[in-house]
Each structure stands twice: as C-alpha cells, then as structure tokens.
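Here are my notes on this model, in the order I'd go through it on screen. Have it open beside you as you read.

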Amino acid sequence: MPPYAVLVDDYPLPRPIAGHPALEFCNTWAGWADPDTHGSEWLTDFDRFVVWARFTGLITEAAAGRLRGRTATAVLGRARALRTALYDVALRRDGAGLAVLAAEAEEANRSTRLVATGSTIHFELPDDRDPLLPLRSVALSAVELLGGPDRDAIRACPGDGCGWLFLDRRGRRVWCSMAACGNRAKVRAHAARNK
Ligand SMILES: [Zn+2]
C-alpha cells in the first residue's frame with residue numbers, strides 16, 4: 001500500500017489527510033493538478049463511495065450496512081460532479097461549480113429532519129436506506145466548511161500532479177503529506193543539489 005492509501009473493507013482508499021470530510025471527498029480523485037493526465041478514480045463504484053463515507057464519518061455504520069452492495073450508478077455520477085464543483089468552489093475558481101454545489105446542497109437540506117436529542121435540537125439527514133444519503137451528507141458537509149472560518153485555510157498541495165486539498169489553519173503546512181508529496185519533493189531537491 002503506498003503511503004497515501006489505506007485499506008478499508010478490502011478497498012484501497014485515500015488516507016485521510018485533509019482535516020475535513022468535504023476536502024477528503026475532493027481527495028478521492030487524484031490528478032487535479034495535471035489536467036493532461038487522465039487522473040485516477042478512487043470511487044470506482046457506489047459500494048466504495050459508501051465505504052468511504054462510513055470511514056470518513058459522514059454516514060453511520062448502520063446506514064452503510066443498508067447501502068452496501070447497491071449499484072446506484074446515477075448517484076455516483078452526481079457525487080463525482082459534486083466533487084469537481086466543490087474543488088473549484090473551495091479554490092475560488094470561477095465557473096459552474098457553485099450552481100452544482102447549490103443544487104445538491106439545497107436538495108440535501110430539504111431532506112433533513114429536525115431531531116431532538118436530550119436538551120438540544122438540530123437538523124439531520126434521516127438515517128435510512130436512500131442511496132442519496134452519502135451524497136447529501138457530503139453536500140451538507142461542504143456547506144458547513146465553506147460557510148465557516150476554515151474556508152480561508154483551504155490549500156491545494158503543490159506536489160507534482162497532486163492538487164489534494166487540506167486545511168492549513170496556522171499557515172505552516174505545505175504538503176498533503178510528508179510521506180507522499182513532501183518526501184518526493186525532498187528527494188528531488190536532494191537530487192538537484194547533487195547534480
Ligand atoms: Zn500532495
């Protein structure tokens with residue numbers, strides 16, 4: 001397993017490095033920084049999307065159990081489109097990203113229910129068997145991130161062909177991970193010095 005991957009339920013998934021689920025979601029695609037390459041898809045089927053959403057904490061173990069083994073190709077297609085939109089909005093790029101994000105987030109918002117737990121009440125998505133659950137959960141998570149103070153801490157990794165997103169709240173973080181891009185860059189710098 002390469003340093004940027006982790007095995008979850010027998011699926012290789014990107015190791016969480018971002019500090020927020022909505023950014024981890026963007027990192028389920030590799031190749032943002034280099035549009036000339038084909039890139040590589042971690043969410044190759046709906047089942048992996050479900051496992052990823054459970055692993056990232058966006059849906060419960062019980063919901064994942066109900067959704068495992070489904071196909072839901074259309075939902076996966078929407079999720080990938082949302083991911084591209086989210087990436088562009090997170091990096092403040094102009095384009096159609098905001099409209100795509102808005103459509104998914106508004107749909108997700110309409111699906112929430114008001115839930116009372118102990119002394120507090122809050123809106124949450126019904127923990128049901130709807131295959132849209134992981135998609136809605138990602139969309140709401142994205143709004144929570146982009147509407148809060150962490151929006152200004154979003155950075156894209158400058159590693160060769162990387163472009164993975166992460167939070168850099170203290171202005172000190174450069175790489176998605178030292179084990180992946182950081183070390184590759186260090187090795188290259190070392191090689192350049194020794195030429
Ligand atoms: Zn990187």
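1. Start with the face between H5 and H6. On the H5 side, Leu101, Glu104, Ala105, Glu107, Ala108 and Asn109 meet Leu135, Arg136, Ala139, Leu140, Ala142, Val143 and Leu146 of H6, where contact means heavy atoms within 4.5 Å. By class, that contact holds nine nonpolar, one polar and three charged residues. (Ala, Val, Leu, Ile, Met, Phe, Trp, Tyr, Cys and Pro count as nonpolar, Asp, Glu, Lys and Arg as charged, and the others, Gly among them, as polar.)

2. A word on what you're looking at: this is a predicted model, with local features needing pLDDT of at least 70 and side-chain atom pairs counting only at pLDDT 80 or more, while totals for chains, interfaces and linings use all residues. Residues are numbered from 1 along each chain as its sequence is written, and side-chain values use heavy atoms, with hydrogens and water left out. Helices (H or I, at least four residues) and strands (E, at least two) are DSSP runs, numbered from the N terminus.

3. Back to the geometry of that pair. H5 covers residues 97-110 and H6 covers residues 133-146; their axes come within 8 Å and cross at roughly 110°. Axes here are lines fitted to C-alpha atoms, for helices over the stretch in contact, and angles run from 0 to 180 degrees between N-to-C directions. H5 and H6 are therefore roughly perpendicular (65 to 115 degrees; under 35 is roughly parallel, over 145 roughly antiparallel, and the rest oblique). Their crossing is left-handed, which is to say the near helix is turned anticlockwise from the far one by less than a right angle.

4. H5 also packs against H4. The axes of H4 and H5 come within 8 Å and cross at roughly 125°, and that makes H4 oblique to H5. The handedness of this crossing is left-handed. Arg78, Ala81, Leu82, Ala85 and Val89 of H4 touch Gly97, Leu98, Val100, Leu101, Glu104 and Glu107 of H5. Seven of the residues in this contact are nonpolar, one is polar and three are charged. Notice Leu101, Glu104 and Glu107 of H5: they turn up in the H4 contact and also in the H6 contact.

5. What does H6 meet in H2? Pro134, Leu135 and Val138 of H6 meet Phe46, Phe49, Trp52 and Ala53 of H2. The count is seven nonpolar, no polar and no charged. H2 (residues 46-55) packs on H6 at an angle of about 50°, with the axes 10 Å apart, so the two are oblique to each other. This crossing is left-handed too.

6. E5 (residues 113-117) and E6 (residues 120-124) pair in the antiparallel sense over five bridges; pairing requires at least two DSSP bridges between the strands. Leu114 sits opposite Phe123, and Thr117 opposite Thr120. Two residues separate the strands, and Gly118 in the turn has a positive phi of about 60°.

7. Two backbone spots I'd check by eye. Ala72, with a positive phi near 45° despite not being glycine, lies in the loop between H3 (61-67) and H4 (73-90). Arg92, likewise not a glycine, has a positive phi near 55° and is in the loop between H4 and H5.

8. Lastly, the annotation. An unreviewed UniProt entry places "domain: Zinc finger CGNR" at residues 154-193; UniProt positions are given in the numbering used here, feature names are shortened, and annotations may be inferred rather than shown by experiment. In the model, that stretch is 40% helix and 15% strand, with its end C-alpha atoms 31 Å apart.
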